[in-house]
Amino acid sequence: MPRPLIRPARGVSLAELLVGMVIALMVLGIALQLTLVARERYLRLADAALIEDRGMQALELIGRAVRQAGWITDTPALSSTRRWPNASAPPSLVGADDCGGPKMEPGSTLACSDRHGIQGSDALLVRFAGRSKSASDGAGDSAMLDCASLAVSERDGGNEDPRLGGMLLYVSLSTTNKAERVPQLMCKSFVRNTNAPVAARTGYGMVRGVETLQLLYTLAPTATAPAETLPARMMKDDDWYRVRQVHAAVVVLGDRWSPRIPPSIKTALFPGLDAPRAQAQDLEFTPQDARRNRARFTVTLAVRNPLHCEADAC
């Protein structure tokens with residue numbers, strides 16, 4: 001019986017091979033493009049979350065400083081009476097506009113060693129007393145905290161200024177990486193574990209990426225002056241005792257570049273705030289590099305402690 005002939009095996013033609021390769025490359029290109037888009041979106045969201053986290057940290061630190069300003073314990077452990085600073089003592093809350101290299105010295109007010117601050121940033125200095133655990137244990141009971149979140153104790157003495165605590169907030173450039181000096185929110189406190197305020201020479205880098213800090217102050221009305229919102233340079237010495245609200249704005253940088261430059265590079269710092277005597281440098285911010293991702297954060301804080309001894313407070 002004759003056997004059937006086996007048909008010879010056939011491969012793909014050159015045209016079929018080329019078509020298959022083109023289809024495979026198209027699928028690979030689409031998959032790669034989707035991967036890149038997803039990665040870019042993830043990095044953009046991560047940078048936005050980083051900016052949000054930094055902004056909230058900065059506002060929380062400023063809020064803690066303002067809430068502690070002027071605090072004097074009404075239940076002292078080392079004294080039988082509540083002690084207030086005398087009339088010649090520096091105010092419990094004071095600020096400075098466009099302040100570079102600010103200094104906090106015991107017995108004196110805020111001083112700026114440099115002519116201009118980083119991106120025109122302001123500085124804020126607050127003073128407050130501490131509270132000790134007991135008469136036998138002079139360590140602080142954590143009612144008041146300094147920049148390092150360490151407890152401030154009471155001052156053991158007679159008529160001296162009882163305010164051992166202090167916080168100085170300002171913006172400075174980081175010194176860890178000189179190739180890329182990033183602005184950051186700094187905080188400086190008085191030296192701890194002493195019975196008299198001693199100025200610290202170095203500050204803590206608290207929040208990285210804070211590009212500018214701007215502050216405005218709302219004053220309480222008096223018989224001769226209405227309530228108004230002013231920058232620090234328009235404040236008189238006695239005005240610091242009238243501060244009832246502190247308006248703070250920070251602009252925070254991210255770590256990535258924006259895919260497109262915004263149509264307007266100016267940022268309104270206090271939208272909706274009625275401050276007719278404030279100038280453009282107080283209300284607007286223009287970045288040096290508009291390509292970086294950034295966001296503005298604002299907060300209005302009430303001063304809850306009396307800033308000097310009054311008849312209804314002493």
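**Ground rules.** I number residues from 1 along each chain as its sequence is written, and side-chain values use heavy atoms, without hydrogens and water. As the model is predicted, local features need pLDDT of at least 70 and side-chain atom pairs count only at pLDDT 80 or more, while totals for chains, interfaces and linings use all residues.

**Entry 1: disulfides.** I searched the whole structure and found two disulfides, a disulfide being a pair of cysteine sulfur atoms within 2.5 Å.

I looked up C99 and C112, whose sulfur atoms are 1.9 Å apart. The torsion about their S-S bond is about -115°, so this disulfide is left-handed. The pair links distant parts of the chain, 13 residues apart: C99 lies in the loop between β1 (93-96) and β2 (100-103), and C112 in strand β3 (residues 111-114). I take helices (H or I, at least four residues) and strands (E, at least two) as DSSP runs, numbered from the N terminus. C99 counts as buried because its relative accessibility is 2%, whereas C112, at 33%, counts as partly exposed. Buried means under 20% relative accessible area, exposed over 50%, and partly exposed in between (1.4 Å probe, protein chains only).

I then looked up C147 and C187, which are joined by a disulfide with S to S at 1.8 Å. Here the torsion is about -65°, so the disulfide is left-handed. C147 sits in the loop between β4 (123-128) and β5 (165-173), and C187 in strand β6 (residues 183-188), 40 residues apart. C147 is buried at 2% relative accessibility, and C187 is buried at 0%.

**Entry 2: nonpolar cores.** A nonpolar core is a set of buried Ala, Val, Leu, Ile, Met, Phe, Trp, Tyr and Cys residues joined through side-chain atoms within 4.5 Å. The largest one has 53 residues, and L93, Y217, V243 and V250 touch the most other members. Among the elements that give two or more residues to this core are β8 (210-219), β10 (243-257) and β13 (292-302). Its largest share, seven residues, comes from α1. I also noted a second, separate core of eight residues, including A249, L269, F270 and A275.

**Entry 3: one exposed leucine.** Is L14 buried or exposed? L14 counts as exposed because its relative accessibility is 62%. I place L14 in helix α1 (residues 14-68).
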